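Here's a set of worked exercises to go through with the model open in your viewer. Try each task before you read the solution.

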Amino acid sequence: MADAGATPRFVPSDFTVEGGRRAAVALLSAPTRPTAIFAASDEMAYGALTAAREIGLRVPEDLSVMGVDGHDFAELFGLTTIDQFPHAQGERAGEAILAAVAGDGEPVGTSSSLPFALVTRRTTAPPRDGRAERTEPLLSVTKSLVEPFRSGAGRQNRRSSARPLTAAPGS
């Protein structure tokens with residue numbers, strides 16, 4: 001973000017559709033409206049999509065929206081998301097715990113990053129005027145999401161992967 005000359009704005013919220021809607025309404029009503037919202041969960045991103053519709057913004061023409069989780073409904077909504085492959089992450093966590101108990105491997109929590117993949121869909125696009133720095137983008141992410149994107153295992157059949165996380169501090 002700094003390399004692009006942009007300063008992210010962080011807004012605290014709970015990890016629900018309504019929490020994402022409330023946070024997005026506040027940000028989209030500000031004098032300097034963001035061109036993008038990166039929500040810390042897909043549920044929050046659904047709320048941001050709802051807020052954009054309520055305010056009369058077109059997605060992705062006026063506002064790009066992206067979530068995190070790879071929620072089962074992300075494809076239905078056309079949501080760009082970071083799929084976290086929770087089954088594969090659970091397998092790796094289980095393997096790490098078993099290795100730690102057996103004394104064969106690194107202590108739990110010290111292994112490399114977990115698999116994830118950026119899944120691009122209809123809710124993201126470059127700003128219409130082509131200038132990414134036109135207005136400040138909004139980010140609502142956790143520190144674990146700033147690592148470079150890595151591909152992971154294929155999608156697993158699963159339920160929602162939303163879970164409680166600590167939201168980034170507000171400004």
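**Exercise 1. Find which residues Ala24 is in contact with, leaving aside its neighbours within four places in sequence.**

Step 1: take contact as heavy atoms within 4.5 Å. With the close neighbours within four places in sequence set aside, Ala24 is in contact with Ile37, Ala48 and Ala51.

Step 2: keep the ground rules in mind. This is a predicted model, so local features need pLDDT of at least 70 and side-chain atom pairs count only at pLDDT 80 or more, while totals for chains, interfaces and linings use all residues. Residues are numbered from 1 along each chain as its sequence is written, and side-chain values use heavy atoms, with hydrogens and water left out.

Step 3: A nonpolar core is a set of buried Ala, Val, Leu, Ile, Met, Phe, Trp, Tyr and Cys residues joined through side-chain atoms within 4.5 Å; buried means under 20% relative accessible area, exposed over 50%, and partly exposed in between (1.4 Å probe, protein chains only). The largest such core has 18 residues, and Ala24 is among those with the most contacts inside it, along with Leu28, Ile37, Leu63, Val65 and Leu79. H1 and H2 are the elements that give two or more residues to this core, and H2 gives the most, with seven residues.

Step 4: look for another core. There's a second, separate one of five residues, including Phe38, Val68, Ile82 and Phe116.

**Exercise 2. Work out how many residues of H2 are buried, and what they pack against.**

Step 1: Helices (H or I, at least four residues) and strands (E, at least two) are DSSP runs, numbered from the N terminus. H2 has 14 residues and reaches 20 Å from its first C-alpha to its last, close to the expected 20 Å at 1.5 Å a residue (the expected span is 1.5 Å times one less than the number of residues).

Step 2: count the covered positions. Ten of the 14 residues in H2 are buried, so the helix is mostly covered by the under-20% cut-off. Among them are Asp42, Glu43, Met44, Tyr46 and Leu49.

Step 3: list the packing partners. The buried residues of H2 pack against H1, strand S1 (36–38), strand S2 (64–69), helix H3 (74–77) and strand S3 (80–83).

Step 4: check what follows. Just after H2, Gly56 takes a positive phi of about 95 degrees.

**Exercise 3. Decide whether Thr80 is buried or exposed, and find its side-chain polar partners.**

Step 1: locate Thr80 in strand S3. At 2% relative accessibility, Thr80 is buried.

Step 2: search for polar contacts (N or O atoms within 3.5 Å; within protein, one must be able to donate a hydrogen and the other to accept it, and residues adjacent in sequence count only if both atoms are side-chain atoms). The side chain of Thr80 makes one with the side chain of Thr124 at 2.9 Å. A polar atom of the Thr80 side chain also lies 2.9 Å from the backbone nitrogen of Arg121.
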